[in-house]
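Please look over the sequence and the model shown here. The report below covers its pockets and one of its sheets.

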Amino acid sequence: IGGSGDDRGLGIRVDGSGAAYVTGATTSHDFPVLNGFQTRLSGSSNAFVLKLNAAGNALIFSTYLGGNGSDKGNAIALDSSGNAYVTGDSTSTTFPTTGLQRSNHGGQDAFVVKISADGRQLIYSTYLGGNSDDTGSGIAVDAGGNAYVAGGTYSSDFPVVSAFQPHNGGGQDAFVAKLGSDGASLKYSSYFGGSGGQVAFPELAQGIALDNQGNAYITGITSSVDFPLVNPLQASLKGAMDAFVAKVDATGALIFSTYLGGSSIDVGNAIAVGPTGRVYVAGYTISTDL
């Protein structure tokens, strides 16, 4: 799926009928669009969102998503009505916004959007960020239409509400946030990190999942020796970078948090939770002693 430029798929979800929803980034002026709310590339690179039928041989909708800079969709989630929720990052000052934060507060902000099931309507769209670079890496949605977003931020003024960590621990921190169903309010939002988090040694959340009680489960990567821990399986950083796994309850309280790694580099990329609360994490490791 693509045009004459560079096209990359970065996130996918499948609905109950087998239709696939995909998000990513494109530089193509001729990316295939159908029934979309944005029909033209704006800026150097835009995010895209599309829906393929269950047979994979027809587009149901496809749309650009972006402004005058560089935008990409990193993750996508679905509600029971087939509405799509997308998070990613944007350097645009003209990203189409209607919700909580309508202007870019730094060089690169995360974004969160909700798109109707037919792809024709941008139900809400908001930047989410502060005075430096922010990215949205993972997204999930509950039965009430609240969107849960995880990512990373270098900002000292990332918007926080009911935060278990109200301030940046240093450099890049992970973050976790819960948006209300209208996209215009934060139920909670918190930094999540220690004093590490530099360009070559990142600290960010990359995957998020929900249980039926609205608890959020997060995985990612940390290079901090003082990453915030609660009831940890592994209480210390063992290598240059370890994965982390954490649980945040529906009100934004940190229930557990642990390192997960060996003596080299370990990364948590994706997470899922079963009906009994058992957590499944996938990633990669260079450590021989994971």
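Which residues lie nearest the centre of the largest pocket?

## Largest pocket

This is a predicted model. Ala75, Ser137, Gln206, Gly207 and Asn269 lie nearest the centre of the largest pocket. In total, 15 residues line it. The space inside is about 260 Å³.

Five strands each give at least two residues to this lining: E1 (7–14), E5 (71–78), E9, E13 (204–210) and E17 (266–273). E1 provides the largest share, with 4 residues. By type, the lining holds 7 nonpolar, 7 polar and 1 charged residue.

## Second largest pocket

The second largest pocket has a volume of about 160 Å³. Its lining consists of Arg13, Val14, Ala77, Leu78, Ile139, Ala140, Val141 and Ile208. E1, E5 and E9 each contribute two or more of these residues. Here the largest share, 3 residues, comes from E9. The lining has 7 nonpolar residues, no polar ones and 1 charged.

## A four-stranded sheet

E9 also belongs to an open sheet of 4 strands. The order is E9-E10-E11-E12, and the pairing is antiparallel. E9 (134–141) and E12 (186–192) are the edge strands; each has a single partner, so one side of each lacks a neighbour in the sheet. From one strand to the next, the twist averages 15°.

Thr153 stands opposite Asp173 in E11.

Key
Residues numbered from 1 in each chain as written. Predicted model: local features only at pLDDT ≥ 70, side-chain atom pairs only at ≥ 80, totals over all residues. Heavy atoms only, no water. Pairing = 2+ DSSP bridges. Axes fitted to C-alpha atoms, helices over the stretch in contact; angles between N-to-C directions. 1 Å grid on protein atoms, 1.4 Å probe; cavity = no way out; pocket = protein on both sides within 12 Å on 5 of 7 lines; lining within 4 Å. Points joined across faces, edges and corners; volume = space filled by probe spheres on them. Nonpolar A, V, L, I, M, F, W, Y, C, P; charged D, E, K, R; others polar.
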